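Reader: I have not looked at this one before. Can you take me through a few spots in it?
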Amino acid sequence: MRLLAIETSCDETAAAVMHGTQLLSNTIATQEIHQLYGGVVPELASRAHVQRIVPVVNRALSQAQVSREALDAVAVTYGPGLIGSLVVGLSFAKGLALQLGVPLLGINHLEGHLFSTNIMPDGPEPPFLSLIISGGHTILTYVREWGNYQILGQTQDDAAGEAFDKVAKILGLSYPGGPAIEKLAATGDPRAIDFPQARLKNLPGSSRPQFDFSFSGLKTAVLYYTRKLSPEELEKQRADIAASFQYALINALAENVARAYAQFPTRAVALAGGVACNRTLRQAFAKLGKQKGFQLHYPEPIYCTDNAAMIARAAQFHLATGRHSPLSLAPDPGLVLS
Ligand code: KG4
Ligand code: ZN
């Protein structure tokens, strides 16, 4: 089964070709234009997808040395994401599937992130806990089996990556903020400032496990802290602020995962999404894994941030179970993991 997968849910135009579970190519065009605005501008994102989708798909096919006619299926992200971005990939995928007379398969972007640790061999096998930490999402999931997911916690306000991006802006760093904060934090003292960590309680009367996250208080604490400083003091303390913010955010994530692990003691815990690129975070979770006795998995950075290889891997699983989507499939910007 040769499969082309397309991902255009946000600001990466991406395509990948997979044969069985073997990844033959993985191409990504990152839209740098958003750096000028300090965040993704939806209209610019969809225009850029329109310009790039054909060359990106052609590059994925030529790198894989697979012709369009040799494809057996076309998979595409249909949500969640920006509607104008989703519609570009989805329309292209539908047209191609129709032209080639092959099945179309719509994939949930979040399920793609769950599969991102399994693009390469030796990924975790269910049941395991997965923490998706990206610019748009912070979701802790119990992967009971592939296709069967229980959300244990989500952010109640900002996503983890969004907090990195907003704090980076406060500190005058470039977008995306995560890599910039990580670099600056490496020269700072994580214990210099005691920023607050939100500890959320179970919702009253709720029987479902509740391991939600909140990062807006932390971001606001950084803002108020910096406002009190003179420009000279801010310059002197920037690395300490970055390190202390990063420390508080990682601690909040790790504490919640540790609480969830006590209730769902799986053999493995997986990290996914752009924030999972962060090396200090990986080290903190590796340490937690040693203490608790779970195996930690995370993808290579290129599979942490948005990519089409993870969409291909999820599609490969669904196609094997015979699932197809109708050509009437609509984009679903608010799609949840279920
Ligand atoms: O998964 P992703 O590419 O896009 C979404 O689906 O949102 O994640 C992008 C997010 C951005 O917020 C970016 O600042 C963050 O991931 N990020 C990082 C690092 N690299 C990317 N955050 C912390 N440390 C990093 N090294
Ligand atoms: Zn994503």
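Reader: Where does Thr117 sit?
Author: Thr117 is in the loop between H3 and strand E6 (128–133). Bear in mind that this is a predicted model.
Reader: Is Thr117 buried or exposed?
Author: Thr117 counts as buried, because its relative accessibility is 10% and the cut-off for buried is under 20%.
Reader: What does its side chain make a polar contact with?
Author: With the side chain of Asn118, at 2.9 Å. Beyond its neighbours within four places in sequence, Thr117 also touches several residues, including Gly123, Pro124, His297 and Tyr298.
Reader: What about Gly112, which helix is that in?
Author: Gly112 belongs to helix H3, residues 109–115. Its relative accessible area is 0%, so Gly112 is buried.
Reader: Which residues is Gly112 in contact with, leaving aside neighbours within four places in sequence?
Author: Met310, Ile311 and Ala314. Gly112 and Met310 are 198 residues apart in sequence, yet their C-alpha atoms are 4.9 Å apart in space.
Reader: Changing topic: how many salt bridges are there in the whole structure?
Author: A search finds 6. One of them joins the side chains of Asp158 and Lys219, at 2.9 Å from N to O. Asp158 is in the loop between strand E8 (148–154) and helix H4 (160–170) while Lys219 is in helix H6 (residues 216–227), so this pair ties together parts 61 residues apart in sequence.
Reader: Are those two buried or exposed?
Author: Asp158 is buried, with a relative accessible area of 6%. Lys219 is buried too, at 18%.
Reader: And what does Lys166 form a salt bridge with?
Author: With Glu162, where the closest N and O atoms are 3.0 Å apart. Both residues lie in helix H4, 4 residues apart, which is about one turn of the helix. Lys166 counts as partly exposed at 31% relative accessibility, and Glu162 does at 26%. Asp158, Glu162, Lys166 and Lys219 are linked in a network of salt bridges.
Reader: Last topic, the strands. How many residues of E2 are buried?
Author: In E2 (residues 12–19), 7 of its 8 residues are buried.
Reader: In what sense do E1 and E2 pair?
Author: Antiparallel, over 6 bridges. Leu3 has Met18 in E2 as its bridge partner, and the hairpin these strands form has 4 residues between them.
Reader: And how many bridges join E2 to E3?
Author: There are 8, and these strands also run antiparallel. Their hairpin has 2 residues between the strands, and Gly20 in the turn has a positive phi of about 60°.

Definitions and conventions
Residues numbered from 1 in each chain as written. Chains lettered and ligands numbered in written order. Predicted model: local features only at pLDDT ≥ 70, side-chain atom pairs only at ≥ 80, totals over all residues. Heavy atoms only, no water. Buried < 20%, exposed > 50% of the residue type's maximum accessible area, 1.4 Å probe, protein only. Contact = heavy atoms within 4.5 Å. Polar contact = N/O pair within 3.5 Å; in protein donor to acceptor, adjacent residues only side chain to side chain. Pairing = 2+ DSSP bridges. Salt bridge = Lys/Arg side-chain N within 4 Å of Asp/Glu carboxyl O.
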